[in-house]
Amino acid sequence: QVQLVESGGGLVQAGGSLRLSCAASGSIFSIPVMGWYRQAPGKQRELVARMTSGGSTNYADSMKGRFTISRDNAKNTVYLQMNNLKPEDTAVYYCTAEVITTARSMYTQWGQGTQVTVSS
């Protein structure tokens, strides 16, 4: 069993910054990919950014240049630095991890979500 604990969401004014964190714990052998998705009210969940354990990243086009994903493999933690936030970034942000457990099973774990609200 693997758990993801997110933190760092909140309310910020447009143009401001937030940093989200997500720490994985449990029966972890490795986590090849960690990432962030978001879901705004009335919209589908969408990719924000994802990062491999080797450091490769990909971003949704609308986040490039404003958001930066990083991870600390030793701590099984992924971060999302969000700068120049816009009201349209308001959403629940979900951490994900593609986990290989100590039993060598593989699955995708989701966090509980953290609310980010950007006021205009």
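Student: Why does Tyr94 count as buried?

Tutor: Buried means under 20% relative accessible area, exposed over 50%, and partly exposed in between (1.4 Å probe, protein chains only). Tyr94 has 15% relative accessibility, so Tyr94 is buried. This is a predicted model: local features need pLDDT of at least 70, side-chain atom pairs count only at pLDDT 80 or more, and totals for chains, interfaces and linings use all residues. Residues are numbered from 1 along each chain as its sequence is written, and side-chain values use heavy atoms, with hydrogens and water left out.

Student: What makes the pair of Tyr94 and Trp110 edge-to-face?

Tutor: Rings of Phe, Tyr and Trp (its six-membered ring) pair if their centres lie within 6.5 Å; planes under 30 degrees apart count as stacked, over 60 as edge-to-face and the rest as tilted. Here the centres are 6.4 Å apart and the planes stand at 75°, so the pair is edge-to-face.

Student: How many aromatic pairs are there by this rule?

Tutor: The count is two. In the pair of Tyr37 and Trp110, the centres are 5.2 Å apart and the planes at 55°, so that pair is tilted. Ring pairs link Tyr37, Tyr94 and Trp110 into a cluster.

Student: How do you know that the charged end of Arg45 sits over the ring of Tyr94?

Tutor: The rule asks for NZ of Lys or CZ of Arg within 6 Å of the ring centre and within 35 degrees of the ring normal. The charged end of Arg45 is 3.8 Å from the centre of the Tyr94 ring and counts as sitting over that ring. Arg45 also sits over the ring of Trp110, with its charged end 4.7 Å from the centre.
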